[in-house]
Amino acid sequence: MTTFLFFLPLILTNAVLGIYAERKISAFIQDRMGPMETGKFGILQTTADIVKLIQKEDIVPAAADWKLFKLAPVIIFTAVFSGFAVIPLSGAWDGAGLEIGVFYLLAIISLDVLGILMAGWGSNSKFSLFGALRSVAQIISYEVPLGLSVLCVVMITQSLDLQEISLSQGLQSPNAVYLFGVVKSMDVSQWGGVFAWNIVQAPLLIPVFVIFFIASLAECNRAPFDLPEAESELIAGYHTEYSGFRWAFFMLAEYGMMMLVSMLAAILFFGAWNTPLPNMGVVKLADWTTGAPGSFMSYIWGVFWLLSKALIGMFMHMWIRWTYPRLRIDQLMNLSWKYLTPASILLLLLCGIWRLWMIA
Amino acid sequence: MPELSGFGTILLFIIGGFVFVLLSVGFAMLVRPNRPNIEKLTTYECGENPSTSAWGKFNVRFYIVALIFLLFEVELVFLFPWATVFGQKELVDATGGLWGWFALGEMTVFVLILALGLVFAWAKGYLEWERPVVEATRMDSKVPDKLYEAVSKKVKSIRAEVPVVKEEVV
């Protein structure tokens, strides 16, 4: 329950720092300086942008359906924000702690699509409508491989509860952890750290993670899947007609979504809030960087590790955005339906066999 | 402070998100100017006056994608509860390993039937996105081809006579 007080400031700070980081990273990749004028190294640039956005006139086009137009940013932001409700932050701090956590998460971020469709249709602008249609087609196409790849993890961990999935990837794991899952003679439960992560515990999850990562990029409408907002052909896609603070919520939701899928990736594949450092003999790195369960330090370490992993994920998103060119719509659909979906169905069966073989 | 249940927390997040958006838009409303005029309120179309409403026809492909999506999303809804029980150690041990393989076999049949649906859509070409066929335009001229050839031959012979002056790079 108290995670609400953590996530609301986080989603705001994340957007402010994320936009600044994106500008600086894109500038670095393209060999430019990026923002330099506002504050030292342009660090106040996004703050200045927010001050501008607050003062900006809120225009609702006369031809628009104003009810849908005004409701859309609310729906989009709320859908993304309520996804954070089930994210566990440390061993003792687990948000809603639902038994169907990951299922709920997939369901609630799908509501995002409704908001996008409302924004595009309600604007009554051709650019917005095309952007929204493309966006919806893309998000629902990639939801299938995304869901299937999450399902693979669920099959291996046998739980939908994100906290249970997190717990099974560290020192507090209730099950025995074997080296790479196959070397049954080596019980590494006491090592913890990176050896307990799902992706190392069950190396079959590495291709699953690749599918998850590609699908999550598409879910965020980020390049190379940014057709909905392709600025060179569609101005700004579904939020062409928005201005002022309503527009700001689209940005907030976009960066919130990046954070959410990066956190989900960290929880499902990279050990959630568990430390990456293993115990080695007398050098108890994992114990030192975890803190005793329930103690104050365990909260700090949990939040620290989860956020670091999520920020690395966000950095990957930005890196890819500024490296690869945009896909064409037919390539986009081919990739989802002809490659990722059959591949994830195959991986689903392999994961089932893996799980049964592991417990045999 | 009373502890909220799991779904209570989710309700808190949903209401909290809603209220946060309304509060910030409300705050911006106090600060921002509001001077609409007819130019500002027109739909943006790169400076042109919009001639028609955007609420018209759009590509039927989007419907087909939505239908295929629906098929697989329903499959996912069925698979999620199954995934948490098929490999439970107690159940597998109690049946001597039979439980897991039987459950997996059953689900394989179910997934394969759905995969057959994908193969059907693929074979029927529903997954192909229409692409415009680029055709070279024909420019039929009344001037016969031989005349063009004669002219170009003449030009070539003139060009061959003119000495090419190579500029010295300084």
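Helices here are DSSP runs of H or I with at least four residues, strands are runs of E with at least two, and both are numbered from the N terminus. The model is a predicted one, in which local features need pLDDT of at least 70 and side-chain atom pairs count only at pLDDT 80 or more, while totals for chains, interfaces and linings use all residues. Residues are numbered from 1 along each chain as its sequence is written, chains are lettered from A and ligands numbered from 1 in the order in which they are written, and side-chain values use heavy atoms, with hydrogens and water left out.

**Stop 1: H8(A) and the residue after it**

H8(A) covers residues 205-219 and reaches 20 Å from its first C-alpha to its last, close to the 21 Å expected at 1.5 Å a residue; the expected span is 1.5 Å times one less than the number of residues. Colour the buried positions, among them Leu205(A), Val208(A), Phe209(A), Phe212(A), Phe213(A) and Glu219(A). Then show what they pack against, namely helix H5 (126-157), helix H7 (198-201), H10, helix H12 (296-321) and helix H13 (329-359) of chain A, contact being heavy atoms within 4.5 Å.

Step just past the end of H8(A) to Asn221(A), which takes a positive phi of about 55 degrees. Asn221(A) sits in the loop between H8 and helix H9 (231-234) of chain A, and with a relative accessible area of 3% this residue is buried. Most residues other than glycine have a negative phi.

Select Asp31(A) next, a residue other than glycine whose phi is also positive, near 60 degrees. Asp31(A) is in the loop between H1 and H2 of chain A, and at 72% relative accessibility it counts as exposed.

**Stop 2**

Two packed helices are described by the angle between their axes and the distance between the axes. Here the axes are lines fitted to C-alpha atoms, for helices over the stretch in contact, and angles run from 0 to 180 degrees between N-to-C directions; angles under 35 degrees count as roughly parallel, over 145 as roughly antiparallel, 65 to 115 as roughly perpendicular and the rest as oblique.

Show H1 (residues 3-29) and H10 (residues 244-269) of chain A, which pack at about 100 degrees with their axes 9 Å apart, an angle that makes H1(A) roughly perpendicular to H10(A). The residues in contact include Phe7(A), Leu10(A) and Ile11(A) of H1(A), and Tyr255(A), Met259(A) and Met263(A) of H10(A). By class, this contact has ten nonpolar, three polar and one charged residues, where Ala, Val, Leu, Ile, Met, Phe, Trp, Tyr, Cys and Pro count as nonpolar, Asp, Glu, Lys and Arg as charged, and the others, Gly among them, as polar.

Now show H4(A) with H5(A), whose axes lie 8 Å apart at an angle of about 175 degrees, so that H4(A) is roughly antiparallel to H5(A). Their contact includes Leu106(A), Val113(A) and Trp121(A) from H4(A), and Leu129(A), Ile139(A) and Val150(A) from H5(A); by class it has 13 nonpolar, six polar and one charged residues.

**Stop 3: where the chains meet**

Select Val86(A), in the loop between H3 and H4 of chain A, which is buried with a relative accessible area of 4%. Leaving out residues up to four places away in sequence, Val86(A) touches several residues, including Tyr104(A), Leu162(A) and, from the other chain, Ile10(B).

Ile10(B) belongs to the buried set of H1(B), as do Phe13(B), Phe20(B) and Val25(B), among others. H1(B), residues 6-31, reaches 38 Å from its first C-alpha to its last, close to the 38 Å expected, and what covers its buried residues includes H1, helix H2 (45-55), helix H3 (66-83), helix H4 (101-123) and H10 of chain A.

Phe13(B), Trp55(B) and Phe80(B) supply 12% of the area that chain B buries against chain A, more than any other three residues.

**Last stop: Ser157(B)**

Finish on Ser157(B), in helix H5 (residues 145-161) of chain B, which is partly exposed at a relative accessible area of 37%. The C-alpha of Ser157(B) is separated by 16 Å from that of Leu147(B), ten residues apart along the chain.

Terms used: Buried means under 20% relative accessible area, exposed over 50%, partly exposed in between (1.4 Å probe, protein chains only). Buried area is the accessible area (1.4 Å probe) that two parts lose on being put together, summed over both.
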